[in-house]
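Trainee: I am new to this structure. Please take me through its salt bridges, and then through the surroundings of the ligand.

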Amino acid sequence: MNLNAPYLHENRPQRGATLLIATHNTGKAREIINLLSPHGFVIRTLAEEGLPAPEETGRTFEANAELKAQHGRSATGYWTLADDSGLEVLTLNGAPGVDTAHYGGWEKLLEELRNTPEEQRQARFVCALALQSPEEKTYFFRGLCKGSITLQNHGDKGFGYDPVFRPEGHALTFAEMSGEEKQKYSHRGAALRALAQWLELAE
Ligand code: IMP
């Protein structure tokens, strides 16, 4: 028995339920689907439903994740899972943060940090997941991954800022790791494991 499981009256999507993944980012969708699809959900995506992505007007990761989940759920009526994530760089006072998607990519970040020495390049990835039920109740899960911004880009796997992010205690950037390896340490992996535990998918 899982003592961290929710109380019995809490509503959770059951095996066989349809789950809409509310993202157009194929990198994120792949990571989410890899974890959830073996567990008997029917996975749908925004593209398959012909839905555009909503504008991200929130000022927190959770607010944006909920806004995306709400958008997908209200259009389809399905349980909907959305992710909002970003990179917080210590020397930039947490920027680009919720604005990571519009910041200008790892090339701009390396340029901005060109005079920042290795020991001052700490950063963390944050991932907020929002799961909204057909009855419009939202459940949140958060994952963090501490690390640093490398001096140069390394690797060509993954997406976004993966070539310049090295998780703490590791020699490789996310872009040099397999998807499976990245998932073990990543912010999205941590948030998805919290979700899996809540869904009682975890052993
Ligand atoms: P949003 O969640 O759609 O606002 O986008 C967040 C942005 O953060 C993405 O477009 C990526 O640039 C970046 N990002 C989020 N998660 C990751 C990751 O796992 N690797 C690399 N970049 C990421």
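Mentor: Start with Glu48 and Arg44. Their side chains meet in a salt bridge, 3.8 Å from N to O. This is a predicted model. Glu48 has a relative accessibility of 47%.

Now turn to Glu136 and Arg73. They form a salt bridge, and the closest N and O atoms are 3.5 Å apart. Glu136 sits in the loop between strand E4 (122-132) and strand E5 (138-149). Arg73 belongs to helix H3 (residues 61-76). Glu136 is partly exposed, at 47% relative accessible area. Arg73 is at 9% relative accessibility, and because this is under 20%, Arg73 counts as buried.

Some salt bridges share partners. Through them, Lys28, Glu31, Asp83, Asp162, Lys182 and Arg188 join into one network. Look at one pair from this network. Glu31 and Lys182 form a salt bridge, with the closest N and O atoms 3.0 Å apart. This pair links distant parts of the chain: Glu31 is in helix H1 (residues 26-36), Lys182 is in helix H5 (residues 179-185), and 151 residues separate them. Both Glu31 and Lys182 are buried. Across the structure there are 15 salt bridges.

An N or O atom in the side chain of Lys182 is 2.8 Å from an oxygen atom of the ligand. Arg188 places a polar side-chain atom 2.8 Å from a nitrogen atom of the ligand. The side chain of Glu56 has an N or O atom 2.9 Å from a ligand oxygen atom. Taken alone, the ligand exposes 490 Å², and the protein buries 91% of that.

Next, the shell as a whole. There are 17 residues around the ligand, and those that come nearest are Lys28, Ser85, Asp162, Lys182 and Arg188. By class, the shell has eight charged, five polar and four nonpolar residues. Strand E3 (79-89) and helix H6 (187-198) each supply at least two of the shell residues. E3 gives the largest share, with four residues.

To tie the two topics together, go back to Lys182. This residue is bridged to Glu31, and its side chain also reaches a ligand oxygen atom at 2.8 Å.

Notes:
Residues numbered from 1 in each chain as written. Predicted model: local features only at pLDDT ≥ 70, side-chain atom pairs only at ≥ 80, totals over all residues. Heavy atoms only, no water. Near = heavy atom within 4 Å. Polar contact = N/O pair within 3.5 Å; in protein donor to acceptor, adjacent residues only side chain to side chain. Areas by Shrake-Rupley, 256 points an atom, 1.4 Å probe, with all protein chains shown as cover. Nonpolar A, V, L, I, M, F, W, Y, C, P; charged D, E, K, R; others polar. Salt bridge = Lys/Arg side-chain N within 4 Å of Asp/Glu carboxyl O. Buried < 20%, exposed > 50% of the residue type's maximum accessible area, 1.4 Å probe, protein only.
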